[in-house]
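Please read them alongside the coordinates.

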Amino acid sequence: MKRVLFITLILAVVGCATPAAETTVEGVGFFKPIPGEKFTTGSDDVLDVWMKYIDAHNNQDLETIASMGVDSLYILGPDGSEIKSKEEQAALLEGWFAAANPKWDAYWGMPYKSVPSGADWVIAGHNVTQTIEGEETTILQMIDGEINDGKVVRFFVYSIEPKTE
């Protein structure tokens, strides 16, 4: 009887100590330009980078905005315009800040990771309020942005003006 209990105890300890079989993260969705690309939820650390980036925009802090982006920053604007460097972004923002004093209010965001490449992304929605010639307007923007090592690499901006009643 002692031998059976001893063997059972040994098997239980060995069974608990044996590493579980490796699981493959498959992800969901697709990205047509890269066959096989899928997505999983990402780390909130990625979302935190984006929120700090938005805070810097709201504070009109061009130095912080520049420090948070890679040198070859790429932005595709809602009108199809492209920005291909931090310097181009700073010039655009300087004019926009002076002309419209835009303020971003994020109303949702989600980090995600591409599989198998491992790239970190964030998708977020913002209400953007701006004042042009004394008139305050709001537009809705959604961004899809890549974050790498705490730096903004690229993002795509989609925009719509909500209906006014």
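Predicted model: local features only at pLDDT ≥ 70, side-chain atom pairs only at ≥ 80, totals over all residues.

1. Strands β2 (residues 69–76) and β3 (residues 82–83) run antiparallel and are joined by two bridges. L76 has E82 in β3 as its bridge partner. The two strands form a hairpin with five residues between them, and G80 in that turn has a positive phi of about 90°.

2. One of the residue pairs is D144 with F156, the latter in β7. β6 and β7 form a hairpin with two residues between them. D149, in the turn, has a positive phi of about 50°.

3. On β5 (residues 120–132) and β6 (residues 135–148), the pairing is antiparallel and runs over 13 bridges. The bridge partner of I132 is E135 in β6. This hairpin has two residues between its strands, and E133 takes a positive phi near 50°.

4. Which residues of α4 are buried? They are K86, Q89, L93, F97 and A100. These residues cover an arc of only 100° around the axis, so they lie on the same side of α4. An α-helix has 3.6 residues a turn, so residues three or four places apart point the same way. The face turned away from the buried side of α4 carries the exposed residues E87, A91, E94, A98 and A99.

5. After α4 comes N101, and its phi is positive, near 45°.

6. A nonpolar surface patch of about 300 Å² is made by Y107, W108 and M110. Y107 is found in strand β4, which covers residues 103–115. Is Y107 exposed or partly exposed? Its relative accessibility is 44%, and because exposed requires over 50% and buried under 20%, Y107 counts as partly exposed.

Technical notes. Residues numbered from 1 in each chain as written. Heavy atoms only, no water. Patch = residues over 30% accessible without salt bridge, like charges linked within 9 Å, V, L, I, M, F, W, Y side chains within 5 Å. Areas by Shrake-Rupley, 256 points an atom, 1.4 Å probe, with all protein chains shown as cover. Salt bridge = Lys/Arg side-chain N within 4 Å of Asp/Glu carboxyl O. Helix = DSSP H or I, 4+ residues; strand = E, 2+ residues; numbered from the N terminus. Buried < 20%, exposed > 50% of the residue type's maximum accessible area, 1.4 Å probe, protein only. Pairing = 2+ DSSP bridges. Arc of directions from axis to C-beta.
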